Every structure is written in structure tokens, then in C-alpha cells.
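I opened my notebook to look through one protein chain. I wanted to write down what I found, step by step.

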Amino acid sequence: MLKKLWSNMMVADVNKAIDFYADVLGFQHVMSVPMGSEEVLFQYDCNKDLVYALIKNGDIELMLQEQKSLRENVPAFADAADIRSSAVLYFEVDDLATLATRLKKHCEVVRDLHDTFYGMKEIYVKDLNGYVLGFAQPVAR
């Protein structure tokens, strides 16, 4: 039986990814592992280069792992030339208009605000590592 899903995202710099997701989307540090260590940190220390982090916003949890480390852990990524995903992380939000304004200041917009036939208003952006993030809010009817 499936119980939970996490996305483990390959990133160039875990610390910068934490800062991006905290500043732009309100994620909080849950735990992390410093580079070259087996120590687990439960308080974010921006002075330590991190190899892995778990971040959270409400019920949404994302794992961030430094690219060399993830390639070593998952051999299928060993030959990957760059950081890229064909998946979209799709978030439902409460106030898309306010969030879209903030996103446009920090992200490349790949599809601007639009209404869909299935009753959602959406925007798609790229994060600092090139991952496509979709944000949606039900359209008031």
C-alpha cells in the first residue's frame, strides 16, 4: 500500500535551493546533512555546505540533494548531463494572484497566468535549478 510521496530533486547547491524555496514559497527547513558528513542537522546552518535537505510547507515536503551525491546514490543519474526533470511539481494555492507577483520577481515564467477548461487558474515557472513548478487555484464560478 502506498502511503506517501516525496520528490527528491537534484540541485546544484542545496543551501541556495533552501533559500529559494524559503524566500519565494515559504518552505521551512526540517533536516539536512552537511557535505562530507553523516551528521543530521535539525536546525538550518547556512554556514555549512549541505549535501541533502528536507524542507516543508504545510503537508508538502520536498527533498533537495546535491547533484554529485544523488548521482552516486542513484546510478541511473550517473550519465545525466545536466539537472533536469520531465515532471512538473504542481501546487494548489490559496492566493494565486499574490504568489504570481512574487514568482515573477524570482523565476522565469514559462506559462503566464491563464484559466483552464477544468476550472483552475494556473501559472508555470522555472525554479533556480530549472524545475518546472505549476501553481493553481480553483476559478470562482
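These are my entries, from the whole chain down to single residues.

**Entry 1: the whole chain**

I noted at the start that this is a predicted model. I looked up the secondary structure and found three helices and eight strands. I then followed the elements from the N terminus, and they run β-α-β-β-β-α-β-α-β-β-β.

Next I checked the overall dimensions. The C-alpha atoms fill a box of roughly 50 × 40 × 35 Å along the principal axes. The chain has a radius of gyration of 16 Å. A compact globule with 141 residues would have one near 14 Å, so the chain agrees with that.

I also looked up burial. Of the 141 residues, 41% count as buried. The chain exposes about 8,800 Å², and carbon and sulfur atoms supply 52% of that. Among contacts with a separation of 6 or more, 53% are between residues 24 or more positions apart.

I went to strand S2, residues 28–34. Is S2 mostly covered or mostly open? It is mostly covered, with five of its seven residues buried. S2 runs antiparallel to strand S3, residues 50–57, and six bridges join the two.

**Entry 2: Leu64**

I found Leu64 in strand S4, which covers residues 60–66. Its relative accessibility is 0%, so Leu64 counts as buried. What does Leu64 touch, beyond residues up to four places away in sequence? The list includes Asn8, Met9, Val11, Val14, Ala17 and Ile18. Val51, Tyr52, Ala53 and Ile55 are also among its contacts. Leu64 and Asp13 are 51 residues apart along the chain, but their C-alpha atoms are separated by 8.9 Å.

**Entry 3: His114**

I moved to strand S6, residues 108–115, where His114 is found. His114 has a relative accessible area of 12%, so I wrote it down as buried. Leaving out residues up to four places away in sequence, His114 touches Met120, Lys121, Glu122 and Tyr124. His114 and Met31 are 83 residues apart in sequence, and their C-alpha atoms are 36 Å apart in space.

**Entry 4: salt bridges**

I reminded myself that side chains of opposite charge can pair when their charged atoms come close. How many salt bridges does the count give? It comes to six.

I looked at Glu61 and Lys4, whose closest N and O atoms are 3.1 Å apart. Glu61 lies in strand S4 and Lys4 in the segment before strand S1, so the pair ties together parts 57 residues apart in sequence. Glu61 counts as buried at 13% relative accessibility, while Lys4 is exposed at 52%. Lys56 is linked with Lys4 and Glu61 in a network of salt bridges.

Glu72 pairs with Lys68, with closest N and O atoms 2.8 Å apart. These two are four residues apart in helix H2, so about one helical turn separates them. Glu72 and Lys68 are both exposed.

I also noted Asp112 with Lys104, at 3.0 Å between the closest N and O atoms. Asp112 is partly exposed at 39%, and Lys104 is partly exposed at 41%.

**Entry 5: a nonpolar patch**

Val88, Tyr90, Phe117 and Tyr118 make a nonpolar patch of about 480 Å². Val88 sits in strand S5, residues 88–92. Val88 is partly exposed, with a relative accessible area of 42%.

Terms used:
Residues numbered from 1 in each chain as written. Predicted model: local features only at pLDDT ≥ 70, side-chain atom pairs only at ≥ 80, totals over all residues. Heavy atoms only, no water. Patch = residues over 30% accessible without salt bridge, like charges linked within 9 Å, V, L, I, M, F, W, Y side chains within 5 Å. Areas by Shrake-Rupley, 256 points an atom, 1.4 Å probe, with all protein chains shown as cover. Salt bridge = Lys/Arg side-chain N within 4 Å of Asp/Glu carboxyl O. Buried < 20%, exposed > 50% of the residue type's maximum accessible area, 1.4 Å probe, protein only. Pairing = 2+ DSSP bridges. Rg over C-alpha atoms; globule rule 2.2 N^0.38 Å. Contact = heavy atoms within 4.5 Å.
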